[in-house]
Amino acid sequence: MEEIYAKFVSQKISKTRWRPLPPGSLQTAETFATGSWDNEENYVSLWSIGDFGNLDSDGGFEGDHQLLCDIRHHGDVMDLQFFDQERIVTASSTGCVTVFLHHPNNQTLSVNQQWTTAHYHAGPGSPSYSSAPCTGVVCNNPEIVTVGEDGRINLFRADHKEAVRTIDNADSSTLHAVTFLRTPEILTVNSIGQLKIWDFRQQGNEPSQILSLTGDRVPLHCVDRHPNQQHVVATGGQDGMLSIWDVRQGTMPVSLLKAHEAEMWEVHFHPSNPDHLFTCSEDGSLWHWDASTDVPEKSSLFHQGGRSSTFLSHSISNQANVHQSVISSWLSTDPAKDRIEITSLLPSRSLSVNSLDVLGPCLVCGTDAEAIYVTRHLFS
Amino acid sequence: MVPSCPFIYIIRKDVDVYSQILRKLFNESHGIFLGLQRIDEELTGKSRKSQLVRVSKNYRSVIRACMEEMHQVAIAAKDPASGRQFSSQVSILSAMELIWNLCEILFIEVAPAGHLLLHLLDWVRLHVCEVDSLSADVLGSENPSNHGSFWNLVTILVLQGRLDEARQMLSKEADASPASAGICRIMGDLMRTMPILSPGNTQTLTELELKWQHWHEECERYLQDSTFATNPHLESLLKIMLGDEAALLEQKELLSNWYHFLVTRLLYSNPTVKPIDLHYYAQSSLDLFLGGESSPEPLDNILLAAFEFDIHQVIKECSIALSNWWFVAHLTDLLDHCKLLQSHNLYFGSNMREFLLLEYASGLFAHPSLWQLGVDYFDYCPKLGRVSLELHIERIPLNTEQKALKVLRICEQRQMTEQVRSICKILAMKAVRNNRLGSALSWSIRAKDAAFATLVSDRFLRDYCERGCFSDLDLIDNLGPAMMLSDRLTFLGKYREFHHMYGEKRFADAASLLLSLMTSRIAPRSFWMTLLTDALPLLEQKQVIFSAEQTYELMQCLEDLTSRRPVRGESDIQQLQDEDIETTKVEMLRLALARNLARAIIREGSLEGS
């Protein structure tokens, strides 16, 4: 992978996210936000990779990412999402959920709204009050859903002081991540290897569906939904295994792919090219999974360029009766075809890669070695 | 009464570690360190040396980048105090780079005579940077040769051996004042013809020496002929080029330090100096330069020790002078890879490299964030690294599960099972206290801690007995293979299975499962009453579910249970009431069992269809 820029930023990065582009815009991604962790003072920062006047030989703009502004954050930044163009929602290890507002005219960030007791073990009223880290947050304007180590799910609405809906004790273990399936439905993953689907239209506190792995109950750390097909979901586990699920069918994953050697922290489908998937892990690597079918037939996986690694595909259920035309390349389970090409994107092994995000041809990731890597030519 | 001090002092060591800019130094050098350890196993011979030089240059460029950034910050600093602090940091970094560069030339590159001088010249040129700004100043002016600092510039160019540039300057002077054009040209020629070893040149050292001797004599002749007597500047230049010590010492200000003096002196008196002869020149240069007016500073002593090829002394002096272990740890590690350090046995049996790395890594662990770097340094300390890591890693505060997972991953990768167990136990206890039984169970599964799993299961069972229903059914119903971790857990899973079977009206299967739960003794004794009570509805069913054999076993269990009950003495009303309930239950069970037995015997005794 050429042209990947690294910059050391003196803070361990826990989350990186591109600022979403206005719909219909033809620009490429220019700004991203990062959150730090494990410092005495943690920061949420905004960075820009916009042009700084240096033209390279192709006439493109190259250069390091520069810090635009930052703001102090209490507790580790456990998760970070852009709510809209100007607002960022963060989940903190103190159990607090904060909405930051970016002021582009004077390049500052300020706290717009805060729910300080979103997650706790013993309630604010009790004498032994203890907060619980909020582990995941997902937004769908105007709603914000958060999950935490207390097994609680909160539904907030921007500009509402109290939570709109709270599901206490939704899970007896820690909820690690959450994503929207369709607007009133969310999907959570927990530390006993289960996916649970919750429907906010229903009144009860029970999930509408539970899916889990058949073998060991390996904790699942991340989840992402296919951008176009809302029933296809990818999860990453503590053993570095990538699982693809079809939530309409059965309670078991469609395929299990042995991937990293340690916890997989984030998995992302590419928002506009969903045949491409990206994963990053505690073992210090970031992988690009390419399942696009316009690549010529390959007899074996191992001779592809880049730094590919061994990959074992193990399909579980028969999906043979699904029409070929609507099947997602992730769901098709023909291991003999070996259509997935994997490349490792980082130049050398480093400490854990905690987070990544992709938007268009741009990718950003942050590591425990206090470095941020940016590339603007993912598909060259 | 002894007055007590009302203050609590917070002591922190290693203040440097907290600096934002120095953190980049630590992180980048960590990457280089790891790279060095990994390549070391593969390389031998010539490529090894060039790789080691490259690693050294990497370290130096990291120091330089840090210096640059700190310099920018120092300039931009709003208040003078912090500006001064940054500036002093810059000078410390600059000194570190100076020392490292010299060590690279002498110990890693191991330049032979001839090339040695070229490297030393580069070294000096890199570290005395006033030349460039002066040069820009002078050349930028309208009439360079009339500039006040013109001759200073030319002199310093000569002092640094940059004779081509000096010649260009002289040609400007020649253009400006035709009177001295002649002598300028002669001087220019002298400069041009000075023999110097260039990298691509194949001449041997002896050839070079001969040529140089020749050139030197030519210069001498010019001096004796007083060719340059009309221009004192040129005359002093000539003396410099002859290596005249007095002339060199006159230029103390331009030289600015004794090692510059040393290198210039060598350049013009002994360009083919051998490495082992360096220290004679070094010591005398230092003495001459200081002239008895001031005493050597720590930096001077370090450089002197380097010229004497006394590596241990260099490291010792650096350790004393610098406040942070970063420099000595990395330099010593690199020199150790060059196989230059004999293993000095220190008190606790490790060698110097290991000692320094251990100190550095321990310092990193004191920082809330940089402990992750420390782990890798401990990995490469063969004797005491593992033990130190074990001690340090247990003491990292874990405030979120994600951090705990990272720490556990580090321990598991190094097979530190004790630490894994103890950390998981702490986390599991916290979870139980917060009533997160699912989390507690997942931690005990990770640690393969059967005892804790039993504890969690007991909690579940107790809750069931008290409330009549299970909390966290999502967990118990989906235990999967984790059930096998502990007997109690297996029992829990099987018990839920029994509930399911009952719900699906598979009574025969439910009955045999229930029986096996009791007879296999995995059910805790306290729970037997509940199990037997669960058997009641099965016994009361219209059809006979339990066979005679099974009924006998159930009765056996009941007898076991009741016979062991201790005889109660005086008890209060509540206990009497409880006893009453117990006795009623037991009686009901006896009745149901007896009836079932009767029906079973009859059913089994009768012939089919008759």
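Me: How is chain B split into domains?
Reply: An automatic or database domain assignment gives chain B domain 1 (123-273), domain 2 (342-396), domain 3 (400-494) and domain 4 (505-563 + 579-609). It's a predicted model: local features need pLDDT of at least 70, side-chain atom pairs count only at pLDDT 80 or more, and totals for chains, interfaces and linings use all residues. Residues are numbered from 1 along each chain as its sequence is written, chains are lettered from A and ligands numbered from 1 in the order written, and side-chain values use heavy atoms, leaving out hydrogens and water.

Me: What separates the centres of domains 2 and 4 of chain B?
Reply: 64 Å, taken over C-alpha atoms.

Me: Switching to the interface, how many residues does each chain put into the contact?
Reply: Chain B gives 38 residues and chain A gives 48, with contact meaning heavy atoms within 4.5 Å.

Me: And what area is buried there?
Reply: About 3,500 Å² between chain B and chain A, with carbon and sulfur atoms giving 44%. That's the accessible area (1.4 Å probe) that two parts lose on being put together, summed over both. B:Lys406, B:Arg409 and B:Arg436 supply 18% of what chain B buries against chain A, more than any other three residues.

Me: How many salt bridges between the two?
Reply: Six, counting a side-chain nitrogen of Lys or Arg within 4 Å of a carboxyl oxygen of Asp or Glu. B:Arg409 forms one with A:Glu263, where the closest N and O atoms are 2.9 Å apart.
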